[in-house]
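Here is a short briefing on one structure. Please keep the sequence and the 3D view open while reading.

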Amino acid sequence: MASFPPLGDLGAETAGLLARLGVTLGKAQGARPVHSPLTGEVIAKVPDTPADAVDRALAEAQDAFRIWRQVPAPRRGELVRRFGEKLRRAKADLARLVTIEAGKISSEGAGEVQEMIDICDFATGLSRQLTGLTIATERADHRMMETWHPMGVVGVISAFNFPVAVWSWNAALALVCGDAVVWKPSEKTPLCALAVQALFERVADGFADAPPHLSTVLLGGADAGAALVDDARVAVVSATGSTTMGREVAPRLASRFARAILELGGNNAAIVCPSADLDLTVRAVAFAAMGTAGQRCTSLRRLIVHERIYDALLGRLRRAYLSVSVGDPRAPDTLVGPLIDAGAFSAMQVALDAARGAGAVVTGGERLGADILPGAYYVRPALVEMAAQEDCVRSETFAPLLYVLRYSDLDEAIRLQNDVPQGLASSIFTTDLREAERFLSATGSDCGIANVNIGPSGAEIGGAFGGEKETGGGREAGSDAWKAYMRRATNTINYGTRLPLAQGVTFEIE
Ligand code: UN1
């Protein structure tokens, strides 16, 4: 049975965590209140970074970059390795802070910090593998190669739902690539950012090769993000958030030819085929759609089920939706914590009303515990069965709301899967090799992530993370995503005495 947290305890617990994590909060004027989604209460107040301090921070980050780019990459990797060690020691406290500030259940809070540790390990190894190609040249006595150089200051704009991991994907790579990092976290989760910054500073302070201001946090609303987007001193901006935010940011970055790494909205689907292992599918769908209270970019939002197994699967899913434990995310048996705030709750209700208006059959979706905690937004996840992929299904609602559609042949299912503006993550559940391979082929899923027999969420850091279309096209974390944090130079070297020109061009002067 669901339990809800008591009001009034969280401020003291947060203060204790912040002290252990090394954060001292200033008492600046106009301080911004930080609410915990667990109860809605104010757990701390943080100052916005004033405009003149933002300007100073960008100048200092540039100075840090100029020094850091000269430190050999494996030494840079050593700093990131030590930071990973620090995170291992701080994991329990930081994970708890993630739970209190972002509302994740305990195991997902811990998983998020683990994701930081994993990317630090990955980046440490990468620091010895920043390799360029040697390319055959068409000219005698020439050599052609690529060298990769640090890019500059990397601005990171992150969202509330992954308040620490997404920064770390960017920062760990940027740091081994020789860049300095300036972070504008979500105004909903500044405490997590301050804690990570405090941990990083303690490691960097004890590392002689690290200049000051290698990592900086800017607190505030859209203005602080705009400073990163518009300032010529910021070479790369990695922004995670809604497509609406991306539409603001992308043209401004393009207008100054800055490099953009965009990870925007998703509208992730799973196709369930007649041969699917239903036990596994039910578990995968439950985690992907209800986990993190539906507040992952990769959360499952659309389920496209073959008509032959529709009733069997939906019967099991309805039971899971009605019985899943919603409540205090710190309780060990809770699977679904609160939504981040009132705005998230009302967006979910608007989407549910639109679906009902289109004739949908809705299971769940109601608010829970409002009488005990009027400032917190717990909801029963909603299963929304629809006859067709109506317009309301085609936009992302950041809540535990799963639209269910029926299909009869795979072409139709793939068409439905791709027929949304977003292109982040996707899955197919099947034991039929042909169906699986078709889904992964050029005529299959059009997403940046396409999985077989696992849900669309919960990616490991070893692969490149991101998606196409309105998701923005950026890639972060593993594989060769590091290349976005460096600039490539193509070098051609003539070690002969003649000067042959490319393409056989002659240009003889006397
Ligand atoms: C996000 O929601 O912005 O694949 C990131 C996942 C996580 C990251 C999600 N590793 O669900």
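How many bridges join strand β15 to β16, and do the two run parallel or antiparallel? Four bridges join β15 (residues 382-385) to β16, and the two strands run parallel. The model is predicted.

- Seven strands make up an open sheet with mixed pairing. Their order is β12-β15-β16-β11-β10-β18-β19.
- The edges are held by β12 (361-363) and β19 (449-452). Each has a single partner strand, so one side of each lacks a neighbour in the sheet.
- From one strand to the next, the twist averages 20 degrees.
- Helix α9 (residues 278-290) packs on this sheet. The strands touched by α9 are β10 (268-272), β11, β16 and β18 (425-429). The direction of α9 makes about 155 degrees with that of β11.

**Strand β16 and its partners**
- On the β11 side, five bridges join β11 (residues 300-306) to β16 (residues 401-407). These two strands also run parallel.
- In that pairing, L303 stands opposite V404 of β16. I304 stands opposite L405 of β16.
- Strand β16 is mostly covered, with six of its seven residues buried.

**The α4/α5 pair**
- Helix α4 (residues 106-126) packs against helix α5 (residues 165-176) at an angle of about 15 degrees. Their axes are 9 Å apart.
- Angles under 35 degrees count as roughly parallel. The helices α4 and α5 are therefore roughly parallel to each other.
- The crossing of α4 past α5 is right-handed.
- From α4, the contact uses E112, E115, M116, I119, C120, A123 and L126. From α5, A165, S168, W169, A172, L173 and V176 take part.
- By class, this contact has 10 nonpolar, one polar and two charged residues.

**Residue A489**
- Where does A489 lie? A489 is in strand β23 (residues 486-494).
- Is A489 buried or exposed? A489 has 11 other C-beta atoms within 10 Å. A residue counts as exposed at 12 or fewer, so A489 is exposed.
- Leaving aside neighbours within four places in sequence, A489 is in contact with E146, T147 and H149.
- A489 and T49 are 440 residues apart along the chain. Their C-alpha atoms are separated by 36 Å.

Notes. Residues are numbered from 1 along each chain as its sequence is written. This is a predicted model: local features need pLDDT of at least 70, side-chain atom pairs count only at pLDDT 80 or more; totals for chains, interfaces and linings use all residues. A residue is buried if 20 or more other C-beta atoms lie within 10 Å of its own, exposed if 12 or fewer, and partly exposed in between; C-beta atoms are placed from the backbone. Two residues are in contact if their C-beta atoms, placed from the backbone, lie within 7 Å. Two strands pair if DSSP finds at least two bridges between them. Axes are lines fitted to C-alpha atoms, for helices over the stretch in contact, and angles run from 0 to 180 degrees between N-to-C directions. Angles under 35 degrees count as roughly parallel, over 145 as roughly antiparallel, 65 to 115 as roughly perpendicular and the rest as oblique. A crossing is left-handed if the near helix is turned anticlockwise from the far one by less than a right angle, and right-handed if clockwise. Ala, Val, Leu, Ile, Met, Phe, Trp, Tyr, Cys and Pro count as nonpolar, Asp, Glu, Lys and Arg as charged, and the others, Gly among them, as polar.
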